[in-house]
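Subject: Structure for your review

Hello,

Here is the structure I said I would pass on. Please open it alongside the notes that follow.

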Amino acid sequence: MQKSILILGACGQIGTELTFELRAKYGSENVVASDIREGGQTLMESGPFELLDATNYEAIEDVIMHYEIEEVYLMAAMLSATAEKFPMRAWNLNMNSLFNVLNLAKDNKISKIFWPSSIAVFGPNTPKNNTAQNTIMEPSTVYGISKQSGERWCEYYFKKFGVDVRSVRYPGLISWKTMPGGGTTDYAVEIYHAALEQGKYQCFLNQDTKLPMMYMDDAIKATISLMESNPEKLKVRSSYNLGSMSFTPKEITESIQKHIPDFEVTYVPDFRQEIADSWPSSIDDTAAKHDWNWKPEFDLDSTTAEMLNNLKKTS
Ligand SMILES: NC(=O)c1ccc[n+]([C@@H]2O[C@H](COP(=O)([O-])OP(=O)(O)OC[C@H]3O[C@@H](n4cnc5c(N)ncnc54)[C@H](O)[C@@H]3O)[C@@H](O)[C@H]2O)c1
């Protein structure tokens, strides 16, 4: 089955791996990667690339017409930690880019959208354990406020205009191909690099901060599987809770120490601790399991084995 796809923000942590996987599945020429900057060499050489600002409606429209794009994956955003430093820039990027793709779909220029939300839509008043799909939200970060607003707009465009927009609330994502882009869960990637390169790591969260996390392969599988699902089965048009594993900095350290016994971690919490404290510890993803058969494969120890093996090979 051939279709043409555009990825906005393709050079980031998720966009890079999503581009590779979609190209493997639908053919390199059918998947156009785009970003405001160039990405890694392997990404740039793997298929068509456009320098494109996701806040510029006309520029996106031109690319969509030129390549006869049917589906858009919007991965451009400012993440939680950076957004606290630049609130208005974060709001403008996260909301304007979303309105651009929603309006392109409303005007029948594209037929399907993927837009990621986040566990940051929840806040300090949300029940922390096994957090339900529908519960108290009240996000307390700039990023979380933009994601919750985004969810409301996605559902609104689906109900009012029939826009086929699909979304998941990603937990913190762990990957080895691209470094993370300024989130509160970045420690869970940095720690593997530090374990191999320095044998020690200073963690910016305290050792008992338990957060929902996921290995990138599972996140990419979830994304593509949701996009390929029968639309009639999708009952959630805001964003689906997506669960996999939950762990603390102490637990990831112990998992790494099974491979590198001398690895040492110190804990010096910074402003990101407050963000992490406002988020859930674990996620109830019954709706995703029921509606589109979501099933994660990686737990903490298999993630650690994959991360260390792959980082060793690439160093
Ligand atoms: N990585 C995670 O753990 C995580 C967790 C939850 C949700 N998410 C969401 O997933 C999406 C992708 O996240 P990521 O981790 O890949 O982020 P990232 O920061 O690694 O990548 C974002 C990309 O967007 C690009 N970008 C920034 N401004 C742009 C603009 N105006 N036009 C075009 N491109 C622009 C950046 O250059 C970057 O390559 C975001 O919506 C993010 O909120 C990520």
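**Nonpolar core**

The largest nonpolar core has 91 residues, and among these I7, L74 and I113 touch the most other members. Helix α5 (residues 87–106) supplies the largest share of this core, with seven residues. At least three core residues come from each of domain 1 (5–171) and domain 2 (173–213 + 244–314). Please keep in mind that this is a predicted model.

For L74, leaving aside neighbours within four places in sequence, the contacts are L8, G9, A54, S97, L98, V101, I113, F114 and W115. I113, one of these contacts, is also among the core members that touch the most others.

**Around the ligand**

The shell around the ligand holds 28 residues, of which G9, G12, A76, A77 and G181 come nearest. Two or more shell residues come from each of α1 (13–26) and β9 (172–174), and α1 gives the most, with three. Sorted by class, the shell has 14 nonpolar, eleven polar and three charged residues. Domain 1 (5–171) and domain 2 (173–213 + 244–314) each contribute at least three residues to the shell around the ligand.

**A three-stranded sheet**

Three strands form an open sheet in the order β6-β8-β12, with parallel pairing. β6 (117–118) and β12 (240–241) are the edge strands, each pairing on one side only. Strand β8 (residues 168–170) is joined to β12 by two bridges, and V168 stands opposite Y240 in β12.

Regards

How values were computed: Residues are numbered from 1 along each chain as its sequence is written. This is a predicted model: local features need pLDDT of at least 70, side-chain atom pairs count only at pLDDT 80 or more; totals for chains, interfaces and linings use all residues. A residue is near a molecule or strand if its C-beta atom, placed from the backbone, lies within 6 Å of it. Helices (H or I, at least four residues) and strands (E, at least two) are DSSP runs, numbered from the N terminus. Ala, Val, Leu, Ile, Met, Phe, Trp, Tyr, Cys and Pro count as nonpolar, Asp, Glu, Lys and Arg as charged, and the others, Gly among them, as polar. Domain bounds come from an automatic or database domain assignment. Two strands pair if DSSP finds at least two bridges between them. A nonpolar core is a set of buried Ala, Val, Leu, Ile, Met, Phe, Trp, Tyr and Cys residues joined through C-beta atoms within 7 Å. A residue is buried if 20 or more other C-beta atoms lie within 10 Å of its own, exposed if 12 or fewer, and partly exposed in between; C-beta atoms are placed from the backbone. Two residues are in contact if their C-beta atoms, placed from the backbone, lie within 7 Å.
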